[in-house]
Amino acid sequence: LLFTGGRSVWLELPSYGFKNPDFSYRDSKSYVEVFGVYWHRNHDPKILEDAYDRAGLRCLVIQEMDLLNSPSVCKSRIVDFLYKTSETTRFDSSSGE
């Protein structure tokens with residue numbers, strides 16, 4: 001998982017616009033966003049996840065308060081998300097797609 005929130009990666013998401021994801025995972029088209037209380041207090045994570053999905057990408061949104069209150073739960077969610085990404089990537093490459 002690579003930090004890309006420093007504006008090193010930009011994506012154009014349909015019906016959402018340009019987005020600089022917080023973290024990216026290898027070349028698997030999977031991203032993790034952290035919604036902070038200050039910057040994202042009025043944002044709906046589902047809208048962002050749907051925008052990534054429409055672009056053929058995967059996104060997991062972690063809320064700042066969840067990260068602060070239950071870091072182990074967030075870690076498990078991220079590991080599960082990345083594990084599913086690895087399975088999909090492995091399956092796609094072995095099938096020739």
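Contact here means that heavy atoms lie within 4.5 Å. This is a predicted model, in which local features need pLDDT of at least 70 and side-chain atom pairs count only at pLDDT 80 or more, while totals for chains, interfaces and linings use all residues. Residues are numbered from 1 along each chain as its sequence is written, and side-chain values use heavy atoms, with hydrogens and water left out.

**Overall architecture**
- The protein has 3 helices and 6 strands, where helices (H or I, at least four residues) and strands (E, at least two) are DSSP runs numbered from the N terminus.
- From the N terminus on, these elements follow the order β-β-β-β-β-α-β-α-α.
- Of the contacts between residues at least 6 apart in sequence, 44% join residues at least 24 apart.

**Burial and Ser24**
- Buried residues account for 32% of the 97 residues, with buried meaning under 20% relative accessible area, exposed over 50%, and partly exposed in between (1.4 Å probe, protein chains only).
- Ser24 belongs to strand E4 (residues 23-25) and counts as buried at 9% relative accessibility.
- Leaving aside neighbours within four places in sequence, Ser24 is in contact with Leu1, Leu2, Thr4, Ser30 and Tyr31.

**Cysteines**
- Cys59 is buried, with a relative accessible area of 12%, and Cys74 is buried as well, at 1%.
- The count of disulfides, meaning pairs of cysteine sulfur atoms within 2.5 Å, comes to 0.

**Exposed surface**
- The protein exposes about 6600 Å², of which carbon and sulfur atoms supply 54%, the areas coming from the Shrake-Rupley method with a 1.4 Å probe; for residues, only the protein chains shown count as cover.
- Leu68, in helix H2 (residues 64-69), counts as exposed at 55% relative accessibility.
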